[in-house]
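Here's a quick tour of a few local features to have in mind before you start working with the coordinates. Take a look at the sequence and model below, then read on.

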Amino acid sequence: DYIKYRDPKQTTNVRIRDLMSRMTLAEKIGQMAQIERSVATADILRDCSIGSILSGGGSAPLFNAKAKDWIDMINGFQNASLSSRLGIPMIYGIDAVHEKRTHVLEPRVLYFRDPDLVKRIGAATALEVRATGIPYVFAPCIAVCRDPRWGRCYESYSEDPKVVEMMTEIIPGLQGDVPSDSRKGVPYVGGKDKVAACAKHFVGDGGTTKGINENDTVIGYHGLMSIHMPAYFPSIIKGVSTVMVSYSSWNGQKMHANRYLVKTVLKDILKFRGFVISDWEGIDRITYPPHSNYTESVLKGISAGIDMIMVPYNHIEFINIVTDLVNNNYISMDRIDDAVRRILRVKFALGLFETPLADETLVDQLGSQAHRDLAREAVRKSLVLLKNGGNADAPVLPLPKKASKILVAGSHANNLGYQCGGWTATWQGVDGNNYTAGTTILSGITAAADPSTEIVYSKNPDADFIKSNNFSYAIVVVGETPYAETAGDSLNLTIAEPGPSTILNVCGNAKCVVVIVSGRPVVIEPYESQIDALVAAWLPGTEGQGVADVLFGDYGFTGKLPRTWFRTVDQLPMNVGDSHYDPLFPYDFGLTTKPV
Ligand SMILES: OC[C@@H]1[C@@H](O)[C@H](O)[C@@H](O)c2nc(-c3ccccc3)cn21
């Protein structure tokens, strides 16, 4: 017989209304739960009508999983969801694509200010995610990092809200362009090669005291609205499908329990019509210790306006408590219906009811040459030239490709894992070249230099070695080792040993170019006078040859600092516009070179 919500010719509102009218309370509450893939079974998905599954950091169907492994796993889960009473498809979410080695790892930091480029990166990312059967990414992070001591600073586009606003152009890249005649604020996904996106973390995640992750953002209303909120406006206008709540607090109140900002501001005033998702055990952390009063967590989180809870493991406890709270009128049916309506709206916008299973024809898009070239372009445009010789008439860069003998040194010269940083093959990132296909900076240099040039590689050479070799010049690649979230919080921001001594040994005995691989500004002033040329390479990901492209002048340096480069950490926090502004290199600084 005719089932209205299954009819794609009906409007989304009609389909939602029809489906909601058929759903039991249990089915509605099941839709509000997102569980981790490691605990998902066919029985749970079918019997509990679970709304969503995610891969947490590094959680894959198997080690070195290929696209087919992902597709088979996700289709397996989806078929279970489709076998539930009403056959509501589940939505599978993941953090961008850095979970999988099947993807070209875009530069981990997108520090260029080119909305067209970031949109193209979004489109490539959407294609590669869909190729693995996934229709939903927890990106973009539109945090405005105001203190580089924050372990997630590299996930933020800039300290300047204007730049972050501009970079929301990745959303139409990921989701597709909202048709001009369609209502603003409504989730929009334009086709099977596009994904639902997630603006995160709402709100003020980048403003915590001393950059302490998940801590307290102490700032007035106008400061919050002028620094941390602005990028949410264009995100909503561009039809972002979901918003993730921040672990952090605003003036002592947990964002996961902040009904004023989540319901009143985001939903009622800004008219956001997609669904609000918690962070991982985000409601558990409303209380201290976390999960010490889960009933309070569930009540406060859902009452604040959170629609989908990233549980991720204790879905039975979650479902039982929500059911009790509704049956005892602590949570209204209106609140439940608002949450489910929003979740269904995103699922209908994604076309999940029409095409719930993966489209296997996209697999050859993975790691395509076009995507590698795009990532390489992003690397080139992200690099910032901070110093280029002692004086203008003797620039060091671009380097001559033809030289008798050059030295490549440093802990980060030949290490793909270090180039990629956190959120890659594993949550905290990896060390070495065995996890991801890609090009190290050393390989990029070797490929770019003239065949007649002798290239000597030494991770941490001593002074005698350098003196005795009479190198034409040396390239030293050092920086930070990979980290994610709290593990990346740093009060000293020093580069990893033996980086400093490598710099001093090499630069004290040869003309040197120092390339810093890091997610953020780090301590460099003590060595700066010894360094002839200094390049901030951030986290170039798999495309190390993008670094060689500008070092040797195939392309000019054009990058500008997206955040202030401090002298010493005791100046922090220090952002452009502050009264006490005495940086080593100011926000928006960057020397340029011409292509040769
Ligand atoms: O991976 C899903 C989300 C991600 O989208 C958020 O940006 C991030 O804050 C986050 N932290 C954890 C997470 C934190 C601690 C232990 C295990 C997992 C999980 N997640």
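## Helix 10 and its ends

A quick definition first: a residue is called buried when its relative accessible area is under 20%, and exposed when that value is over 50%. Bear in mind, too, that this is a predicted model.

With that cut-off, helix 10, which covers residues 259–269, has L261, V262, V265, L266 and K267 as buried residues. Looking down the axis of helix 10, the buried residues fall within an arc of 165°, so they line one face of the helix.

What goes on at the start of helix 10? There, N258 has a side-chain oxygen that comes to within 3.2 Å of the backbone nitrogen of Y260. Just after helix 10 you'll find K271, with a positive phi of about 60°.

## Helix 5 against helix 14

Two packed helices can be described by the angle between their axes and by the distance between those axes. For helix 5 (residues 115–131) and helix 14 (residues 369–382), the packing angle is about 145° and the axes are 10 Å apart. Helix 5 and helix 14 make a left-handed crossing.

Which residues meet here? On the helix 5 side they are L117, R120, I121, A124, L127 and E128, and on the helix 14 side H371, L374, E377, A378 and K381. Sorted by type, the residues of this contact come out as 6 nonpolar, 1 polar and 4 charged.

## Q31, buried in helix 2

Q31 sits in helix 2, residues 25–31. Is Q31 buried or exposed? Q31 counts as buried because its relative accessible area is 0%.

The side chain of Q31 reaches the backbone oxygen of S49, at 3.0 Å. S49 also turns up among the contacts of Q31 once neighbours within four places in sequence are set aside. That list also has M23, I50, G51, I88, M308, I343, L344 and K347.

## R341 on helix 13

R341 belongs to helix 13, residues 333–349. With a relative accessible area of 35%, R341 is partly exposed. Leaving out neighbours within four places in sequence, R341 is in contact with I16 and M20.

For a sense of scale, take R341 and L442, which are 101 residues apart along the chain. Their C-alpha atoms are separated by 52 Å.

Now for some backbone angles to check. The peptide bond joining Y288 and P289 is cis, with omega about -5°. P289 is in the loop between strand 10 (275–277) and helix 11 (294–304). Another cis peptide bond runs from E497 to P498, with omega near 0°. P498 is placed in the loop between strand 15 (473–479) and helix 18 (499–507).

L493 is found in the loop between strand 15 and helix 18 as well. L493 is not a glycine, yet its phi is positive, at about 50°. L493 is buried, with a relative accessible area of 0%.

N329 is not a glycine either, and its positive phi is about 60°. N329 lies in the loop between helix 12 (315–327) and helix 13. At 69% relative accessibility, N329 is exposed.

Key:
Residues are numbered from 1 along each chain as its sequence is written. This is a predicted model: local features need pLDDT of at least 70, side-chain atom pairs count only at pLDDT 80 or more; totals for chains, interfaces and linings use all residues. Side-chain values use heavy atoms; hydrogens and water are left out. Helices (H or I, at least four residues) and strands (E, at least two) are DSSP runs, numbered from the N terminus. Buried means under 20% relative accessible area, exposed over 50%, partly exposed in between (1.4 Å probe, protein chains only). Contact means heavy atoms within 4.5 Å. Axes are lines fitted to C-alpha atoms, for helices over the stretch in contact, and angles run from 0 to 180 degrees between N-to-C directions. A crossing is left-handed if the near helix is turned anticlockwise from the far one by less than a right angle, and right-handed if clockwise. Ala, Val, Leu, Ile, Met, Phe, Trp, Tyr, Cys and Pro count as nonpolar, Asp, Glu, Lys and Arg as charged, and the others, Gly among them, as polar. The arc is that of the directions from the helix axis to the C-beta atoms. A polar contact is a pair of N or O atoms within 3.5 Å; within protein, one must be able to donate a hydrogen and the other to accept it, and residues adjacent in sequence count only if both atoms are side-chain atoms.
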